[in-house]
Amino acid sequence: MNVPPPLPPTPSPKRRRGLLIGGIVGGSVLLLVLTGYFVVRSIIASGITQGPDKLFGEQHLKTTVALVELHKVRFGKYPATLRDLKFTGQWDQLALQSVGYYPNADWTGYYVEVQRGWIGKPSLEMPDDFWRGTGYSSSLKPKTN
């Protein structure tokens, strides 16, 4: 006669209680993260951040252009990446992490755009005079953006 395999041992009451508490804590953390995500998304969608996004985005753009142009004056070419910039400050990193930078192959021109202002991506239109004397070229904008 075939004997069925033994049942796995039932967890002790202490272990069951620990698993229950762990599940509740894990579920609560997941719920908090999801709630936070949806709150931030709804704040951005409401448009309330447009002003600060534009303000921060414009500052990020101007800081990045100034640093890139200074690099060109010092080294004769634009940097291959923003990580190649020398003598940046801690505040500069906020700007540099908030933009997309696309140099041409021989580093004689570049395209730069703001990816993040304060929270979201701002819509910026800089006047043509702003770009005069720089290596900026809108023709270097990547096709995927």
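Thr49 touches Ile43, Ile44, Trp118 and Ile119, not counting residues up to four places away in sequence; contact here means heavy atoms within 4.5 Å. The model is predicted: local features need pLDDT of at least 70, side-chain atom pairs count only at pLDDT 80 or more, and totals for chains, interfaces and linings use all residues. Residues are numbered from 1 along each chain as its sequence is written, and side-chain values use heavy atoms, with hydrogens and water left out.

**Overall form**

- The protein has 4 helices and 2 strands, where helices (H or I, at least four residues) and strands (E, at least two) are DSSP runs numbered from the N terminus.
- In sequence order the pattern is α-α-α-β-β-α.
- The radius of gyration of the protein is 26 Å, whereas a compact globule of 145 residues would have one near 15 Å. This radius is taken over C-alpha atoms, and the globule rule is 2.2 Å times the number of residues to the power 0.38.
- The C-alpha trace spans about 90 × 40 × 30 Å along its principal axes.
- Of the contacts between residues at least 6 apart in sequence, 60% join residues at least 24 apart.

**Surface, burial and charge**

- Buried residues account for 25% of the 145 residues in the protein. Buried means under 20% relative accessible area, exposed means over 50%, and partly exposed lies in between (1.4 Å probe, protein chains only).
- The accessible surface is about 10,700 Å², and 62% of this belongs to carbon and sulfur atoms. The areas come from the Shrake-Rupley method with a 1.4 Å probe; for residues, only the protein chains shown count as cover.

- Helix α1 covers residues 13–46, 34 residues in total, and reaches 49 Å from its first C-alpha to its last, close to the 50 Å expected at 1.5 Å a residue. The expected span of a helix is 1.5 Å times one less than its number of residues.
- Thr49 lies in the loop between α1 and α2. Thr49 counts as buried because its relative accessibility is 3%.

**Helix α2**

- Helix α2 has 26 residues and reaches 37 Å from first C-alpha to last, close to the expected 38 Å.
- Its buried residues are Asp53, Gly57, His60, Leu61, Thr63, Thr64, Val65, Leu67, Val68, Glu69 and His71.
- An α-helix has 3.6 residues a turn, so residues three or four places apart point the same way.
- The cover over the buried residues of α2 includes α3, β1, β2 and α4 (128–131).
- Gly76 follows α2 and has a positive phi near 85 degrees.

- Phe87 sits in the loop between α2 (50–75) and α3. Its phi is near 60 degrees, a positive value in a residue other than glycine.
- Phe87 counts as exposed because its relative accessibility is 69%.
- Gln90 is found in helix α3 and is exposed, with a relative accessible area of 75%.
- The C-alpha atoms of Gln90 and Val73 are separated by 22 Å, and the two residues are 17 apart along the chain.
- Ser98 is placed in the loop between α3 (90–96) and β1 (99–103). Ser98 is buried, with a relative accessible area of 1%.
- Leaving aside neighbours within four places in sequence, Ser98 is in contact with His60, Glu113, Val114, Gln115 and Arg116. One of these, His60, is also among the buried residues of α2.

- Trp107 lies in the loop between β1 and β2 (110–114). Its phi is near 60 degrees, a positive value in a residue other than glycine.
- Trp107 counts as partly exposed, at 35% relative accessibility.
- Ser123 lies in the loop between β2 and α4 and counts as exposed, at 65% relative accessibility.
- Ser123 and Asn104 are 24 Å apart in space, C-alpha to C-alpha, and 19 residues apart in sequence.
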